[in-house]
Amino acid sequence: ARLRDLYPKVTISLHQATPAEVARMVIDEVADIGMATESLADYPDLVTLPCYEWQHVLVMPTGHPLAQKERITLDDIAHESLITYHPSFTGRGKIDQAFATRRLRPRIVLEAIDSDVIKTYVRLGLGIGIVHQRWGQLGTWGSSSAPCWSSAAWPCSSPGWRAGARSVTGSPTRRPRH
């Protein structure tokens, strides 16, 4: 509401897309700014800033044996039927990397792009889910959520815009030097 008050002539159009599609829309000037849970920093034509880091959590029925454990490890969940994100969404690369680092092969039985879909199939008994921590609450049907594992490399959501685009001050933007 405050944005609307400050900038009454600004209109916003939201488009859902894969991180690669978001990057392409910004590079092709279809969009002025993009936001993705996967890294936009891999695109040299974009300027990105880390916005916030987050974790994945497990979601499962409260009666599931893992729900009784105080600490759940990747070894504990590697042989479970897992429901999680499609590889191009919501930090899935970090999930795969965590298992690979431990030389484990997760048993992923269903991939989705939406946490509500993942939670629905957990409710239906297809397996346990790995979702973004913000969407880890399953509701009142008798569910439990727990941190998946500790990680030094948590996913990071970042906005990105085309390098050289004019900022609100009118000066051109540049990629940060590392």
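This is a predicted model: local features need pLDDT of at least 70, side-chain atom pairs count only at pLDDT 80 or more; totals for chains, interfaces and linings use all residues.

Trainee: Where does leucine 14 sit?

Mentor: Leucine 14 lies in the loop between α1 (2–6) and α2 (19–27).

Trainee: What is the usual place for nonpolar side chains?

Mentor: In soluble globular proteins, they tend to be buried together. Now the case here. The largest nonpolar core has 14 residues. Leu58, Ile77, Phe99 and Ile128 have the most contacts inside it.

Trainee: Which elements supply at least two residues each of this core?

Mentor: Four elements do: β4 (56–61), α3 (74–77), α4 (92–101) and β7 (128–132). Helix α4 gives the most, with three residues. There is also a second, separate core of ten residues. Val57, Ile83, Tyr85 and Val131 are among its members.

Trainee: Is β7 largely enclosed or open to the outside?

Mentor: Strand β7 is largely enclosed by the rest of the structure, because five of its five residues are buried.

Trainee: Which strands pair with β7, and in what sense?

Mentor: Start with the general idea. In a regular strand, side chains alternate between the two faces of the sheet. Now the pairings. β4 and β7 run antiparallel, over four bridges. In that pairing, leucine 58 stands opposite isoleucine 130. Strand β5 (residues 81–85) pairs with β7 in the parallel sense, over two bridges. There, isoleucine 83 faces glycine 129.

Trainee: What is the phi of arginine 103?

Mentor: Arginine 103 has a positive phi of about 55°, and it is not a glycine either. Look for arginine 103 in the loop between α4 and β6 (107–112). Arginine 103 is exposed too, with a relative accessible area of 79%.

Trainee: How many salt bridges does a search of the whole structure find?

Mentor: Six. To read one, look for a Lys or Arg side-chain nitrogen within 4 Å of an Asp or Glu carboxyl oxygen. Aspartate 28 and arginine 24 meet at 3.0 Å, N to O. Aspartate 28 is partly exposed, at 46% relative accessibility. Arginine 24 is partly exposed as well, at 44%.

Trainee: Which residue does lysine 69 meet in a salt bridge?

Mentor: Aspartate 76, at 3.1 Å, N to O. Lysine 69 is partly exposed at 37%, and aspartate 76 is partly exposed at 22%.

Trainee: Where do aspartate 116 and lysine 119 lie?

Mentor: Both are in helix α5 (residues 115–123), three residues apart, or about one turn of the helix. Aspartate 116 is partly exposed, at 47%. Lysine 119 counts as buried, because its relative accessibility is 7% and the buried cut-off is under 20%.

Trainee: Which residues are linked in a network of salt bridges?

Mentor: Arg92, Asp96 and Glu111.

Conventions
Residues are numbered from 1 along each chain as its sequence is written. Side-chain values use heavy atoms; hydrogens and water are left out. A nonpolar core is a set of buried Ala, Val, Leu, Ile, Met, Phe, Trp, Tyr and Cys residues joined through side-chain atoms within 4.5 Å. Buried means under 20% relative accessible area, exposed over 50%, partly exposed in between (1.4 Å probe, protein chains only). Two strands pair if DSSP finds at least two bridges between them.
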